[in-house]
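Student: I want to learn to read the features of this model. Where do we start?

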Amino acid sequence: MGADIDKKRVVAVCGSGGCGKTTLVEDILFTTGKTSRKGSTDKGNTVMDFDSEEMERKISLQLSVGHTQWNKHLLYFIDTPGYHNFIADALCGIMASDSVLMLIDAKDGSKAQTERLFDEVKKENKPLIFFLNGLDKEDIDLDRAINSIKKDLTEKAFLLQLPIVEDNNFVGYIDILNHKAFDYEKGEIEIPSNFKDAAEERYMELVEEISTYDDELMEKYLEGEELDKNQLNETLKKAVWSASFYPIFVGSSLKGLGSKELLDGMVDLLPPPEEKYNEPAALVFKTYNDPQLGKMSLLRVCSGEFKSDSNYFNVNKDQEERLGSLQSVQGKSLSKVEGASAGDIAAVAKLKVTQTGDTIANKGSSIKCDFIEMPLPFISYAVYGTSKGDEEKLGAAINKVIESDPSLKFERNSETKEFILTGMGAMHLEVTASKLKNKFGVQAMLKLPKIAYKETIKGKTQSHGRYKKQTGGHGQFGDCIIEIEPLQRGGGFEFVDMVVGGAIPRQFIPSVEKGIKAAMEHGVLAGYPMIDIRIKLIDGSYHPVDSSDLAFQMAGSIAFKDGVEKCKPVLLEPIAEMEVYVPDDNMGDVIGDLNSRRGRVLGMEPYADKKGYQTIKVLVPQAEILEYAPSLRSITGGKGFFTYHFSVYEEVPSQIAQKIIEEAKSEE
Ligand SMILES: Nc1nc2c(ncn2[C@@H]2O[C@H](COP(=O)(O)OP(=O)(O)OP(=O)(O)O)[C@@H](O)[C@H]2O)c(=O)[nH]1
Ligand SMILES: [Mg+2]
């Protein structure tokens with residue numbers, strides 16, 4: 001705030017779980033004098049991971065914002081979570097920033113989640129700098145780390161710095177482009193002789209690539225002429241801005257090595273914000289709950305200026321929205337500002353209609369800042385309150401949690417009557433349960449959801465039902481003969497009235513149907529609803545005084561219950577049509593695993609959105625999907641993913657059906 005637009009940088013800090021993002025941002029805040037001691041995620045005292053759930057688990061669960069000044073520039077950092085369970089906030093962070101700082105742990109190299117995030121950054125066409133972190137760790141294989149970036153992410157990644165590691169001690173780096181070496185403690189040093197060849201090799205490779213971005217430079221390079229430093233640097237910047245060339249910086253955020261050079265790199269090589277519109281527009285990219293202030297929204301101003309305490313407009317909701325005090329953000333600390341302009345990030349409390357992803361603009365505006373669909377959650381658990389009181393408060397509390405977590409879904413399953421919480425993984429749902437307890441005082445229990453089994457019949461029969469009661473005054477009498485027969489899958493329920501000659505008076509025919517429908521709610525095998533059945537009402541009799549609606553309902557119910565036992569009842573289960581996306585190399589194992597889950601492969605084809613991946617279309621019983629996600633993750637090293645939707649009901653194989661029936665009986 002207060003800086004010229006070309007002196008601002010808005011950067012999302014991304015990377016796989018635990019690669020050191022938060023530690024790096026803490027080091028930057030400390031190095032640039034924003035904090036007086038460096039926060040540590042291990043000690044749970046960072047500016048960025050301020051939520052109690054994060055401190056307890058020592059991982060980032062949601063994005064958070066920090067800012068600092070460097071070389072007269074204002075830098076905003078959006079520290080994002082790395083674990084795939086919390087990817088929604090990483091995506092929101094990418095959308096709110098102009099460029100990305102992607103951390104890679106030098107020990108691990110690129111991981112499945114790095115690939116997932118890099119794909120997203122590519123889609124959005126944002127410039128990106130790599131930071132190879134953790135070089136203080138023992139036995140780092142630099143080539144292996146760089147090759148994993150080149151192989152899994154992009155060929156166009158190039159080291160700008162060559163780390164100097166001596167006897168497992170990371171002491172400095174060579175500035176490859178400028179042929180200079182630095183010791184982090186001593187400052188500039190001679191290039192160590194054992195690094196000269198490697199540095200020269202990297203230089204040639206780098207310059208050859210950079211010169212493809214400028215004809216004049218290319219000519220000079222090919223002629224073997226001396227290259228102008230400025231021209232080289234300018235072209236490097238152009239290449240990075242074009243989002244097709246990715247420089248790699250090195251360091252150790254734990255030891256505080258490399259941060260200053262990285263800051264220089266961000267200022268020099270990453271683009272400033274670009275004002276896209278000629279009126280104020282801001283993206284709300286995060287909603288969270290502050291213990292004191294309540295609902296907080298984080299705004300990334302895309303263009304124009306916003307003033308505190310003024311009326312604006314939510315474009316997505318087509319409603320007015322008043323912004324109270326705008327605040328600058330440093331983790332959880334907020335401080336009031338008068339306004340915010342393009343490229344700034346500000347927080348504002350208690351917006352009425354606004355949700356994550358919405359655009360705030362002037363009244364009547366139709367501008368919508370770019371945002372993306374949140375990933376579809378796909379792991380479901382049934383959620384129960386542990387007491388009656390908890391049960392009552394559960395829905396409202398979950399909806400509060402969902403407000404700050406767009407990748408969570410909550411709904412009631414009308415078949416099983418269970419409340420179903422769906423998220424990105426088991427850990428995501430556990431964290432949600434923990435938030436419910438610690439923030440809203442609601443004890444919730446997660447269980448595997450019930451499967452909406454059904455029952456049907458395979459045979460037909462005729463059945464007679466009679467209900468007769470003689471009490472003191474007038475009695476009850478109903479009597480009917482029905483035929484019960486199976487319908488095709490998906491046929492539902494049919495009722496055919498074939499009564500002739502008034503054997504059952506007209507007004508009681510719907511009563512028989514009603515009685516049968518009620519009986520079908522609870523099947524004879526395991527109590528699941530019955531479907532795909534046709535009833536023909538053939539005949540019956542009545543009593544002029546004693547017959548009633550209720551008596552004919554009873555007669556229908558008795559006829560059905562008696563008859564259905566003789567119709568070879570069977571159990572049906574929901575089958576899902578699933579699409580599984582997997583790397584080519586894992587195809588065999590994934591298909592083997594699907595077979596063991598009673599899956600039937602319908603077809604396979606190359607996955608259009610990602611090279612080296614296949615799509616498997618497969619029918620799988622829903623019961624076998626409940627715990628599929630961890631299995632797929634382990635087979636594919638976290639790279640595989642899947643989507644599914646309900647397809648049809650099919651008969652459960654008898655051995656499995658037997659178990660389900662026994663379980664249902666023992667529950668009763
Ligand atoms: N040796 C070493 N350890 C590091 C380095 N950077 C981070 N760590 C450690 O790695 C662990 C995870 O660090 P974080 O900064 O929380 O990682 P993160 O990327 O923010 O993790 P998530 O946000 O949960 O994805 C902590 O124990 C850090 O102390 C580093 O450069 N060297
Ligand atoms: Mg973190």
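Tutor: Start with burial. Buried means under 20% relative accessible area, exposed over 50%, and partly exposed in between, with a 1.4 Å probe and protein chains only. Thr22 has 6% relative accessibility, so Thr22 counts as buried. One caution: this is a predicted model, where local features need pLDDT of at least 70, side-chain atom pairs count only at pLDDT 80 or more, and totals for chains, interfaces and linings use all residues. Residues are numbered from 1 along each chain as its sequence is written, chains are lettered from A and ligands numbered from 1 in the order written, and side-chain values use heavy atoms, leaving out hydrogens and water.

Student: Which protein donors does the magnesium ion (ligand 2) have?

Tutor: Donors are N, O and S atoms within 2.8 Å of the metal (3.2 Å for Na, K and Ca); water is not among the atoms, so sites may look incomplete. Here they are Thr22 (OG1) and Ser60 (OG), lying 2.0 Å from the ion. Thr22 sits in helix 1 (residues 21-31) and Ser60 in the loop between helix 2 (52-57) and strand 2 (64-70), so the pair ties together parts 38 residues apart in sequence. Helices (H or I, at least four residues) and strands (E, at least two) are DSSP runs, numbered from the N terminus.

Student: Is Ser60 buried or exposed?

Tutor: Ser60 is buried, at a relative accessible area of 10%.

Student: How do I read a sheet?

Tutor: Strands of a sheet pair through backbone hydrogen bonds, either parallel or antiparallel. Two strands pair if DSSP finds at least two bridges between them. One open sheet has seven strands in the order 2-3-1-4-5-11-6, with mixed pairing. Its edge strands are strand 2 and strand 6 (157-159), each pairing on one side only. Within it, strand 1 (residues 8-15) and strand 4 (residues 99-105) run parallel, joined by five bridges. Ala12 stands opposite Val100 in strand 4.

Student: What is the order of the open sheet of four strands?

Tutor: The order is 7-8-9-10, with antiparallel pairing. Strand 7 (161-166) and strand 10 (187-189) are at the edges with a single partner strand each, so one side of each lacks a neighbour in the sheet. Three bridges join strand 9 (residues 180-183) to strand 10. Ala181 stands opposite Ile189 in strand 10.

Student: Where is Ala555, and what does it touch?

Tutor: Ala555 is in helix 13 (residues 549-564). Contact means heavy atoms within 4.5 Å. Leaving aside neighbours within four places in sequence, Ala555 contacts Gly465, Tyr467, Gly478, Asp479 and Cys480. Ala555 counts as buried, because its relative accessibility is 0%.
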